[in-house]
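Let's take a friendly walk through a protein model. Have the picture ready and follow along as we go.

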Amino acid sequence: MSSFVGSIGGILNTGRQGIFVNQIALRVTGQNIANVNTPGYTRQRPIFDPSAFGNGVSVRTIQQLRFRFYDAQLSTEQQSLGSLSVKQEVMSRLEAIFNETSGTGISTAMRDLFQSLHDLSSHPDGTAQREAVRTRAGSLGDVFAAVRGRVEATRRDADLQSKALVTQVNGLTAQIAALNDQITRQTTSAQAPNELIDQRQRLVNELSQIVSIQTFEDGPSLTVMIAGGHPLVEGVNAAELSTREDMANGGMSRILYHLPGGVTADITGRISEGKIGGLLAVRDGDVVEQLRQIDQLAAQLMTRFNLQHRLGTGLDGVSGRDLFSQAPVWSAPGPGSTSNVGQTGSAIVDQSLLTFQDYEVRFTSATTYDLVNTTTGAALATGATYTPGSAIVFDGISITLDNLAGPPLAGDVVRVNSYTGASGSLTLDPAVAGDLRALAAGLSAEPGDNRNALALAGLESALAMGGGTATFANFFEAALTRLGVRSRQVTSDLEAQTLVVDQVQTLVDSLGGVSLDEESVNLIQYERAFQASARVISAVDEMMQTIIAMV
Amino acid sequence: MPITRVTQSILHSSTANMVQRQQRRLLDAQLTVATQKRIRTLSDDPTGAGQVLNLRTQLAQTQQFLRNVDRATSLANAYDTALSQADTLLARARELVVKELNTAATSDTTREVTAVEIIGLREQLIQIANTRVGSQFIFAGHASDAPPFSSVVPSAAAGGGNTGTGVVSQIAVSDVSRVTGHQYQIVFTSPASFDVLDVTQGTTLSAGNVFTPGANITVAGITLQVTGAPAAGDTFDITSTAAGAYAGDGGEIRLEIEDGVLTPINLTGAQTFLGAGLPGGLDIMDLLNDVVEALRGGDEATLAASLDRFDAAQRQIVGQQAVIGGRQNLLDSTVARLEDAALSTENLISSIEDVDLAEAISEFTRVESAYQASLGAAARVIQPSLLDFLR
């Protein structure tokens, strides 16, 4: 029976524990209230354990209201949000560059050129009309170059931004690794360092917006895996990301992964989400596509004009001149190829044969190659002999390849086409630029002959693009429409994703966020318990007084 | 997704998000009203934006075609005027010939008067055929930078056996009405005197003329100067081309007046005045030259026969006028069509990219009141706290 009749000292102890425990609870409540506006803070609550045999109470642990599943979901959704947000920024920048609704740009410049050619057909001998054609043709080239320059700048900026983000990733992973270390050291069997865990989770959320990651808990420390299953943070170790210029892709960055004392890998193709993923995708996707479209337009436009202009005769009696510079011959090593072989010379040998399709010289050994039109899949040559420094001629293009850094390896690829860069090099032929009489308005040198001017003006309605299905203007409109549709898609995806993230964030907050009303109630509750525990002690005190007075 | 526990951060962030969204909508509605454009960026309506661009190209083309039609019309009017003048002129020439044929007693003198008058008409016709619009000679074909028709052009050549140093330094027509088209010869009988022969008729026009180097010598309306020291027996041949030689070409000039429609806009002198390429075409210049010659030669038969040729010439000119009239009709109907097309294209563009203002404003009002309502609700949700009631 003695166990039920606790000593007076025991009661005193129970009261002391009550005061102590409720004081802790008040401290936790105070902490919650203080952090009501701290981003990433998760509310805490004390878990009380009643002591056995009525011996009071103790705090087992201070628990964080965190649900791993919600955290993981938030991280995943933020990766998509990060990706979409940068895509949307780049797309709206592209849209602004191609904003033809305001009436300045390629479409207007083309219209002006055709208009001046019509005027020339009315007055084939007019100096003013000739000057107008020359000026308009020149400014069409300028507009193309300006648009190309701005698109390229957009691409470079996207690349620079991704580089800066890589540095940011390295900073974040180092901090996460450091926190892993602190958390591991401070975690006891009873208590985890809650605030440090909050801090780590906030860094992980920040990291999710930048790059695609997966996380899992490994004891008290958190492992962060980047795309492709490489650990970005493992225990106290953080991997380093770095960038390397890719010559096969116009000097754009590739993302390299390196774990100190571990593997090094190129993970460029594996980062699909987060801001870096979004930037890589839009940089090598929509932006490149848009460049391709204007290059195609410029290359085919200059070639069609040249072919027609060659048929005419200038007032000086000379025929067979180009109006514009000729389409450029572009070449670059294929992805993954060595740069052993490079272009040392090139020429357009016959403009009328140009296809504006893509070709690949595929080396099958140091001395043989296959030549493939990758647009149609047709093989133009198989097992041809490669002689370094001699020209390879096909479809109007002549390209001289030479061993710049050694013989080609089997599997090396050189990509070739006759349009990349055309929008940056649409300039007037020097003869026409230098002498108005060189402009071939007629099929003869007679000043009243307007037949060639008519034919040149007629190119406006010619189905010159897309394999004879579209005019120049149609082609450009289709490219713009495609850009608009893509941009609209990205914008609406972004809006939807923002809502998803808001919802998941609401879930997280609903569980772990601080409610001031709730904390106020807790405050009163714990304060009352504290007061009551104090009353227990004063009651015991009175009891002791009574007993002492008995003596 | 039901939220079981509402916290301060949920309240704040959802309020902020909601107000953000409403503000975006408000801005959008406001821009729509302010610009009155439904499509401000490509992504507002990608298909519509593409369509508008396409229509703008069409519109610019149509307006260009209208300018081309304008040009073609002004040329057609110039041709019409020139042809009317030519017709009047031919009628007058025919009248003169009829009068000459009907006069009972004609003399060399009266015939010469008529001949001179017809030469005047011929010169006028050459002027008409050399009509310019701007800098272009409209009857010259492609060679439009120089007058296509020339009047008589005299030339002189020193005889092959000349021994002196005399050369013809200048030669020009001084009186076109006296130019005959005959070949003449100046024969030096001594270094100081010369005779003038009409080689065509085998007559001597004058003999024993005193030669002064550099002085004007006038032979049948042609004035020339001989400088240097000609020797006895030296000769100089004087010839002149027939009036109305054509230096233009047969180049046809076309303009695009509708998509793919290349319409001819010029008439060449070769066709109109020389009858080249016309069925039963007649060389009108030749006719006038023949008439002058017949008058001077008293060739009644040729004169009588010329009346039919005059009729044919007038038919030829009227025929060309009909061609121009046909073109004018085509151009007029094309203008009407093009203007209709331009108007409907403009309407189409407007219907795609412009907003219905009433609709835009009512949409703006709707968004505005939704925004105000959400602000009001937010203000009342955020404010109160349990703390306000704990006293």
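## Words we need first

Two strands count as paired when DSSP finds at least two bridges between them. Strands themselves are DSSP runs labelled E, at least two residues long, and they are numbered from the N terminus. Please also keep in mind that this is a predicted model.

## A pair of strands in chain A

With that in hand, look at Glu360(A), which stands opposite Val372(A) in β13(A). The strands to find here are β12 (residues 359-363) and β13 (residues 368-373) of chain A, which pair in the antiparallel sense over 5 bridges.

## The sheet around them

Strands β12 and β13 belong to an open sheet of 5 strands in chain A, with the order β10-β17-β12-β13-β14 and antiparallel pairing. At the edges stand β10 (330-333) and β14 (378-385) of chain A; each has a single partner strand, so one side of each is left without a neighbour in the sheet. On average, neighbouring strands of this sheet are turned by 20° against each other, ignoring direction.

## A hairpin in chain A

Next, move to residues 240-246 of chain A, which make up strand β7, and residues 252-258, which make up strand β8. These strands pair in the antiparallel sense over 7 bridges. As an example, Ser242(A) has Leu256(A) as its bridge partner in β8(A).

How many residues lie between β7(A) and β8(A) in their hairpin? There are 5 residues between them, and in the turn Gly250(A) has a positive phi of about 60°.

## Where chain B meets chain A

Finally, let's look at the two chains together. In this model, 49 residues of chain B are in contact with 55 residues of chain A. The size of an interface is often given as the accessible area lost when the parts come together. Here chain B and chain A bury about 4400 Å² between them, with 52% of it on carbon and sulfur atoms.

Which kinds of links cross the interface? There are 2 salt bridges between chain B and chain A. One of them joins Glu518(A) to Arg5(B), whose closest N and O atoms are 2.6 Å apart. Across the interface there are also 24 residue pairs in polar contact.

On the side of chain B that touches chain A, α1 (8-35), α2 (46-102), β13 (254-258) and α8 (386-389) of chain B each supply at least two residues. The biggest share comes from α2(B), which gives 14 residues. Sorted by class, this side of chain B has 17 nonpolar, 19 polar and 13 charged residues.

Key
Residues numbered from 1 in each chain as written. Chains lettered and ligands numbered in written order. Predicted model: local features only at pLDDT ≥ 70, side-chain atom pairs only at ≥ 80, totals over all residues. Heavy atoms only, no water. Contact = heavy atoms within 4.5 Å. Buried area = accessible area lost by both parts, 1.4 Å probe. Salt bridge = Lys/Arg side-chain N within 4 Å of Asp/Glu carboxyl O. Polar contact = N/O pair within 3.5 Å; in protein donor to acceptor, adjacent residues only side chain to side chain. Helix = DSSP H or I, 4+ residues; strand = E, 2+ residues; numbered from the N terminus. Nonpolar A, V, L, I, M, F, W, Y, C, P; charged D, E, K, R; others polar. Axes fitted to C-alpha atoms, helices over the stretch in contact; angles between N-to-C directions.
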